[in-house]
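Thanks for asking me to look this one over. Below are my notes as numbered points, to be read with the structure open beside them.

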Amino acid sequence: AVRPGGVLVIEPWLDPAAFMDGFPNMDTYTDDDLKLCRMVVSRREGELSVFDFHWLAASRGGPPVEHFVDRHVLWLCPREEMLEVFDAAGFECRLEPDGLVRGRGLIVGRRRG
């Protein structure tokens, strides 16, 4: 849905070389009424990254601590392959290696036409 001359900005998922298999991670959020914890250990299955995020949530006046799992399965696409696909689809793209999140980069392109 990008018109000729239009701009495309994509934050791609991790490049296979940047993926850290077995890396444990924890994020937390806290205020007076809500406490959240998200924990995961990254896992690689072939060309896929698999994350089973375990969440703990506690809120004032709410039920006891809740636990749920949120699964994310994402393709570890090599940057060169991704840029080739955009080129074939009619885009002139470049990779900004620093991007918004370390290790992910940012693809910026303009549709030819």
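**Notes on the predicted model**

1. A word on the cysteines to begin with. Cys37 is buried, at 16% relative accessible area. Cys77 is buried too, with a relative accessibility of 5%. Please keep in mind throughout that this is a predicted model.

2. How many disulfides does the model hold? The count is zero. For Cys77 the reason is distance: the closest cysteine sulfur belongs to Cys93 and sits 12 Å away, so the two are too far apart for a bond. The cut-off for a disulfide is a pair of cysteine sulfur atoms within 2.5 Å.

3. Next, Asp52, which I would look at with some care. Asp52 belongs to strand 5, residues 48-59, and is buried at 18% relative accessibility. That value falls in the buried class because the class covers anything under 20% relative accessible area. Two arginine side chains meet the Asp52 side chain in polar contacts: Arg71 at 2.7 Å and Arg43 at 3.4 Å.

4. Setting aside residues up to four places away in sequence, Asp52 touches Met39, Val40 and Arg43, along with Val69, Asp70 and Arg71.

5. Is His54 buried or partly exposed? With a relative accessibility of 37%, His54 counts as partly exposed. Its side chain and that of His67 are joined by a polar contact of 3.0 Å. Beyond residues up to four places away in sequence, His54 touches Cys37, Arg38, Met39, His67, Phe68 and Val69. The buried Cys37 of my opening point is thus one of the residues that His54 touches. As for Val40, it is 14 residues from His54 in sequence, with a C-alpha to C-alpha distance of 6.3 Å.

6. On to the salt bridges, of which the model has eight. One of the salt bridges joins Arg104 and Glu11, with the closest N and O atoms 3.6 Å apart. Arg104 is in the loop between strand 7 (91-96) and strand 8 (106-111), while Glu11 is in the loop between strand 1 (7-10) and strand 2 (24-30), so this pair ties together parts that are 93 residues apart in sequence. Glu11 is partly exposed, at 31% relative accessibility.

7. Another salt bridge is formed by the side chains of Asp87 and Arg112, at 3.1 Å from N to O. Which parts of the chain does the pair link? Asp87 is in helix 1 (residues 79-88) and Arg112 is in the segment after strand 8, and these distant parts of the chain are 25 residues apart. Both ends are partly exposed: Asp87 has a relative accessible area of 42%, and Arg112 has a relative accessibility of 34%.

8. Arg94 is partly exposed at 47% relative accessibility, and Glu96 is partly exposed at 31%.

9. Staying with Arg94, this residue is in strand 7. Apart from neighbours within four places in sequence, Arg94 is in contact with Leu106, Ile107 and Val108. Val41 lies elsewhere: Arg94 and Val41 are 53 residues apart in sequence, and their C-alpha atoms are 31 Å apart.

10. Last, a point about the surface. Which residues make the nonpolar surface patch of about 260 Å²? They are Leu48, Val73 and Trp75. Val73 is part of strand 6, residues 66-75, and is partly exposed, with a relative accessible area of 42%. Residues qualify for a patch with over 30% relative accessible area and no salt bridge.

Key: Residues numbered from 1 in each chain as written. Predicted model: local features only at pLDDT ≥ 70, side-chain atom pairs only at ≥ 80, totals over all residues. Heavy atoms only, no water. Buried < 20%, exposed > 50% of the residue type's maximum accessible area, 1.4 Å probe, protein only. Patch = residues over 30% accessible without salt bridge, like charges linked within 9 Å, V, L, I, M, F, W, Y side chains within 5 Å. Areas by Shrake-Rupley, 256 points an atom, 1.4 Å probe, with all protein chains shown as cover. Salt bridge = Lys/Arg side-chain N within 4 Å of Asp/Glu carboxyl O. Helix = DSSP H or I, 4+ residues; strand = E, 2+ residues; numbered from the N terminus. Polar contact = N/O pair within 3.5 Å; in protein donor to acceptor, adjacent residues only side chain to side chain. Contact = heavy atoms within 4.5 Å.
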